[in-house]
Amino acid sequence: METRTGRPPRLSRAQIAATARELIETHGVQALTMRRLATELGATPMAVYHHVRNKDELLLLVLDEAAAGMQRPELPGDPGERLVIAARAMHDSLAQVPWIVEVLTSDDLLSPAALWYPETMIEAAMAGGLGLDEAVHAYRKIWYYTVGEILVHASAARRRTVNADKTFRERIFENVDAAQFPRLAEAGDRWAELTAMDTYESGLRALVGGLLPTR
């Protein structure tokens with residue numbers, strides 16, 4: 001990312017959001033500070049504070065911008081399938097911007113533009129036979145599963161980008177003691193391939209099937 005020089009004639013919230021998002025995606029959420037953002041914009045921190053009061057408000061601005069582009073698929077009539085389709089859409093949107101998951105799980109922040117997902121999933125769970133409390137709990141279980149899957153895959157992707165060699169874990173599994181751990185040894189040299197596969201939807205369907213009452 002090139003540092004801009006010279007103060008622009010006028011900053012806009014859209015410009016601030018776009019630059020903050022670029023900074024996050026290049027250097028991570030922790031790298032985002034008001035001072036560094038101002039430097040990237042070629043402005044003073046006070047010029048940025050004129051639009052956003054603090055880092056939380058800045059992150060909310062970025063979250064709103066990202067949430068506005070998240071997909072809202074057509075939903076089927078069957079409650080279980082509706083739950084799966086909405087969760088899959090949420091997963092696929094967030095997997096493209098895993099830093100959002102880091103923000104949502106580490107800070108008490110949420111974009112109102114993303115409320116469509118929990119609303120749709122809770123409604124589907126209730127249509128599938130759950131009460132409100134149970135439906136909220138069902139949504140939270142799906143959220144935890146989704147967040148875990150995204151963060152694990154994002155972390156693995158970063159490691160592959162940084163280090164092209166085999167990881168310590170891969171070397172361990174390739175040389176695991178077959179007498180002590182026969183099934184792990186059988187998976188052995190295919191461990192990395194197997195754990196890198198996209199099994200989100202099959203796991204999601206199994207989870208939804210267990211959450212909704214059998215009719």
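Analyst: A helix here is a DSSP run of H or I at least four residues long, and helices are numbered from the N terminus. Under that rule, Leu83 belongs to helix α5, residues 79-95. The model is a predicted one.

User: What does the secondary structure of the protein chain come to?

Analyst: There are 12 helices and 0 strands in the protein chain. Going along the sequence, the pattern is α-α-α-α-α-α-α-α-α-α-α-α.

User: Why is the protein chain called more spread out than a compact globule?

Analyst: Because its radius of gyration is 21 Å, while the globule rule gives 17 Å for 215 residues; the chain's value is well over that, so it counts as more spread out. As for overall dimensions, the C-alpha trace covers about 65 × 50 × 25 Å along its principal axes.

User: What share of the residues of the protein chain count as buried, and what does the chain expose?

Analyst: Of the 215 residues, 38% count as buried.

User: What does Leu83 touch, leaving out residues up to four places away in sequence?

Analyst: Leu83 touches Met121, Ala124, Ile142, Val208 and Leu212. Take Val208: it sits 125 residues from Leu83 along the chain, and the two C-alpha atoms are separated by 7.5 Å. For the protein chain as a whole, 68% of the contacts with a separation of 6 or more are between residues 24 or more positions apart.

User: Met121 and Ala124 turn up there. Which residues of α7 are buried?

Analyst: Met121 and Ala124 are both among them.

User: How do you know that the reach of α7 is close to what is expected?

Analyst: Helix α7, residues 116-127, has 12 residues. The expected span is 1.5 Å times one less than the number of residues. That comes to 16 Å, and α7 reaches 16 Å from its first C-alpha to its last. Just after the helix comes Gly129, with a positive phi of about 115°.

User: What makes Thr120 buried?

Analyst: Thr120, found in α7, has a relative accessible area of 8%. Buried means under 20%, so Thr120 qualifies. Not counting residues up to four places away in sequence, Thr120 touches Leu75 and Ala86.

User: And how do you know that the span of α1 agrees with expectation?

Analyst: Helix α1 covers residues 13-27, and its 15 residues should span 21 Å at 1.5 Å a residue. The end C-alpha atoms are 21 Å apart, so the two values agree. Gly28 follows α1 and has a positive phi near 100°.

User: Which residues of α1 are buried, and what do they pack against?

Analyst: The buried ones are Ile16, Ala17, Thr19, Ala20, Leu23 and Ile24. They pack against α2 (34-41), α3 (45-49), α4 (55-67) and α6 (98-106).

User: Why does Arg10 count as exposed?

Analyst: Exposed means over 50% relative accessible area. Arg10 has 73%, so it is exposed. Arg10 lies in the segment before α1. Its C-alpha is 9.4 Å from that of Ala43, which is 33 residues away in sequence.

User: Is Gly69 buried or exposed, and what makes it so?

Analyst: Gly69 has a relative accessible area of 66%. The line for exposed is over 50%, so Gly69 is exposed. Its place is in the loop between α4 and α5. Gly69 and Arg169 are 100 residues apart in sequence, and their C-alpha atoms are 36 Å apart.

User: Last one: why is Glu149 called buried?

Analyst: Glu149 comes in at 14%, and buried means under 20%, so the label holds. Glu149 is in helix α8, residues 132-162. Setting aside residues up to four places away in sequence, Glu149 touches His91, Asp198 and Tyr200. Glu174 is 25 residues from Glu149 in sequence and 24 Å away, C-alpha to C-alpha.

Notes:
Residues are numbered from 1 along each chain as its sequence is written. This is a predicted model: local features need pLDDT of at least 70, side-chain atom pairs count only at pLDDT 80 or more; totals for chains, interfaces and linings use all residues. Side-chain values use heavy atoms; hydrogens and water are left out. Helices (H or I, at least four residues) and strands (E, at least two) are DSSP runs, numbered from the N terminus. The radius of gyration is taken over C-alpha atoms; the globule rule is 2.2 Å times the number of residues to the power 0.38. Buried means under 20% relative accessible area, exposed over 50%, partly exposed in between (1.4 Å probe, protein chains only). Contact means heavy atoms within 4.5 Å.
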